[in-house]
Amino acid sequence: MITTRCRSLTEEINTIAAQIEDLAEKLAPALIAVPGCGPLTAAKILGETAGIARFRNAAAYARHNAPLPVWSSNRSRHRLSRTGNRQLNAALHRIAMTQARCHQPAKLRTSSPAERPAVTAASKPCAY
């Protein structure tokens, strides 16, 4: 009885996840193209944003979900905004953590200096 219920719930979850994936690919293909952003995270961002037109500009959107800088003496810290959207912040955090773990350009930025490739005169970009 319990196993059959679990199987039916799993099938229902998979069906709904497939529907969400189809909708997210139709509504936000650029968001799904971001490394680390899967269809469920893209759907969460779309749902939590709920109409981008309500934000005046990119800075207003960032204030809606971003951690706020807080300075105490010489230490710089961040805290979550009480008015911001924690669900949206969590979705963006998942993308960032996935990129830091799996995406090569992000790995190079977050790795220790010993793990980074050596920079030589031949590999430095030149501005002409």
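A crossing of two helices is called left-handed if the near helix is turned anticlockwise from the far one by less than a right angle.

**Entry 1: getting my bearings**

I am looking at a predicted model. I counted the elements to start with and found 6 helices and 2 strands in the protein. Reading from the N terminus, I get the order α-α-α-α-β-β-α-α. I then looked up burial, and buried residues make up 17% of the 128 residues. I also checked contacts between residues at least 6 apart in sequence, and 32% of them join residues at least 24 apart.

**Entry 2: H1 against H3**

Two packed helices are described by the angle between their axes and the distance between the axes. I looked up both for helix H1, residues 2-27, and helix H3: the axes come within 9 Å and cross at roughly 65°. H1 passes H3 in a left-handed crossing, so here is my opening definition at work. On the H1 side I noted Ile 20, Glu 21, Ala 24 and Leu 27, and on the H3 side Pro 39, Leu 40, Ala 42, Ala 43 and Leu 46. Sorted by class, this contact has 8 nonpolar, no polar and 1 charged residues.

Leaving aside residues up to four places away in sequence, Ala 24 touches Pro 29, Ile 32, Pro 39, Ala 42 and Ala 43.

**Entry 3: H3 against H5**

How do H3 and H5 pack? I find an angle of about 150°, with the axes 9 Å apart. Angles over 145 degrees count as roughly antiparallel, and H3 and H5 are therefore roughly antiparallel to each other. H3 passes H5 in a left-handed crossing. I listed Thr 41, Lys 44, Ile 45, Glu 48 and Thr 49 from H3, meeting Gln 87, Leu 88, Ala 91, Leu 92, Arg 94 and Ile 95 from H5. By class, I have 5 nonpolar, 3 polar and 3 charged residues in this contact.

**Entry 4: the core**

In soluble globular proteins, nonpolar side chains tend to be buried together. Which residues form the largest nonpolar core here? I wrote down 10 residues: Ala 24, Cys 37, Ala 42, Ile 45, Phe 55, Ala 60, Tyr 61, Leu 88, Ala 91 and Ile 95. Helices H3 (39-49), H4 (58-65) and H5 (86-102) each supply at least two residues of this core. H5 gives the most, with 3 residues.

Looking back through my pages, I see some names again. Ala 24 and Ala 42 belong to the core and also take part in the contact of H1 with H3.

Conventions. Residues numbered from 1 in each chain as written. Predicted model: local features only at pLDDT ≥ 70, side-chain atom pairs only at ≥ 80, totals over all residues. Heavy atoms only, no water. Core = buried A, V, L, I, M, F, W, Y, C linked by side-chain atoms within 4.5 Å. Buried < 20%, exposed > 50% of the residue type's maximum accessible area, 1.4 Å probe, protein only. Helix = DSSP H or I, 4+ residues; strand = E, 2+ residues; numbered from the N terminus. Contact = heavy atoms within 4.5 Å. Axes fitted to C-alpha atoms, helices over the stretch in contact; angles between N-to-C directions. Nonpolar A, V, L, I, M, F, W, Y, C, P; charged D, E, K, R; others polar. Parallel < 35°, antiparallel > 145°, perpendicular 65-115°, else oblique.
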